[in-house]
Amino acid sequence: MLTLTDAVVEGPDGAVPVRWYRPACPVAPTLLWLHGGGFFRGDLDQPESDAVATALAERGVPVVAVGYRLGPVPGMPWVGRSGARARRPAPAAHDEVVHVYRSVAERAARGVVLGGASAGACLAAAVTGTLTSTGLDIPPPVGTVLAYGFFHARLPRDAGVLRSVRGHRRLTHAPWALDAANRAYAGTERMRTDRRAFSGGHPVDGFPPTLMVDADLDAMRGSGEQFAAELTAASVPLDRRVLAGSRHAFLNHPGTPDFTTAVDHIATWTAAR
């Protein structure tokens, strides 16, 4: 039994949609969850947000899903530039998540785990870096969950990883395509080197214990492996799982073995914080 509540949190540039998933008997800290979508698509109703949050709440993990501000559409920067939720490049989404985190942390007696998938994992890592390094008057996360994320402005070229990619993602997740999406999200060359956009390559010494659940046949695994090495070099407690044979965005496919395995890992790990 769980309770769903749609709400808003006042952000730096207007109201930010959030959805609370409250289990009847919570057994874990609150997970602040960020969906994927390449920074330019996705919402609170997509499976990677709603199905994941529901499944975790059914396992006793309170979840707050965030409808963060989307970035420009790659190659079409004029799309969606007006309106209350107009698209904005980095650090707009980052700044909204920081505001939501503050609001959630004020209510979460057991602390907050910050997590996300794909672009949401990149955003979660960037916000974690801010919360653990800038001296904000906010309790830092008690953990970070990163599912098949990418963390570097330029995708690391790992020939073995790239050869493993199959189907349409050989095009949509080609290095040049991912780099183009990252450029659109950053907006400027200067922001591409800013840790509020991409935390890879920046100090991660203050990171809390981190769980990484990566896809096996996924171009982004190269970035995940490099970021995992950066966390390990900084002595961050790290639990990394690569689901054999899995493909990117498996959390968008509820009911599949990869979805269930990943949700079980996340729920168990989060409950142990």
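**View 1. Residue classes in the lining of the largest pocket of this predicted model.** The lining has 12 polar residues, nine nonpolar residues and three charged residues. The space in this pocket comes to about 410 Å³. In total, 24 residues line the pocket, and those closest to its centre are Gly37, Gly38, Phe40, Arg41 and His173.

**View 2. Helices H5 and H6 at the largest pocket.** Helix H5 covers residues 169–172, and helix H6 covers residues 175–186. These are the elements that each give two or more residues to the lining of the largest pocket. The most comes from H6, which gives five residues.

**View 3. Helix H3, residues 119–133.** From the first C-alpha to the last, the 15 residues of H3 reach 21 Å, close to the 21 Å expected at 1.5 Å a residue. An α-helix has 3.6 residues a turn, so residues three or four places apart point the same way. H3 is mostly covered, with 13 of its 15 residues buried. Gly135 follows H3 and has a positive phi, near 70°.

View 4. A disulfide is a covalent bond between the sulfur atoms of two cysteines. A search of the whole structure finds zero disulfides.

Terms used. Residues are numbered from 1 along each chain as its sequence is written. This is a predicted model: local features need pLDDT of at least 70, side-chain atom pairs count only at pLDDT 80 or more; totals for chains, interfaces and linings use all residues. Side-chain values use heavy atoms; hydrogens and water are left out. On a 1 Å grid over the protein atoms alone, a cavity is a set of points where a 1.4 Å probe fits but cannot get out, and a pocket is an open set with protein on both sides within 12 Å along at least five of seven lines; lining residues have an atom within 4 Å of a point. Grid points are joined across faces, edges and corners, and a volume is the space filled by probe spheres set on the points. Helices (H or I, at least four residues) and strands (E, at least two) are DSSP runs, numbered from the N terminus. Ala, Val, Leu, Ile, Met, Phe, Trp, Tyr, Cys and Pro count as nonpolar, Asp, Glu, Lys and Arg as charged, and the others, Gly among them, as polar. The expected span of a helix is 1.5 Å times one less than its number of residues. Buried means under 20% relative accessible area, exposed over 50%, partly exposed in between (1.4 Å probe, protein chains only). A disulfide is a pair of cysteine sulfur atoms within 2.5 Å.
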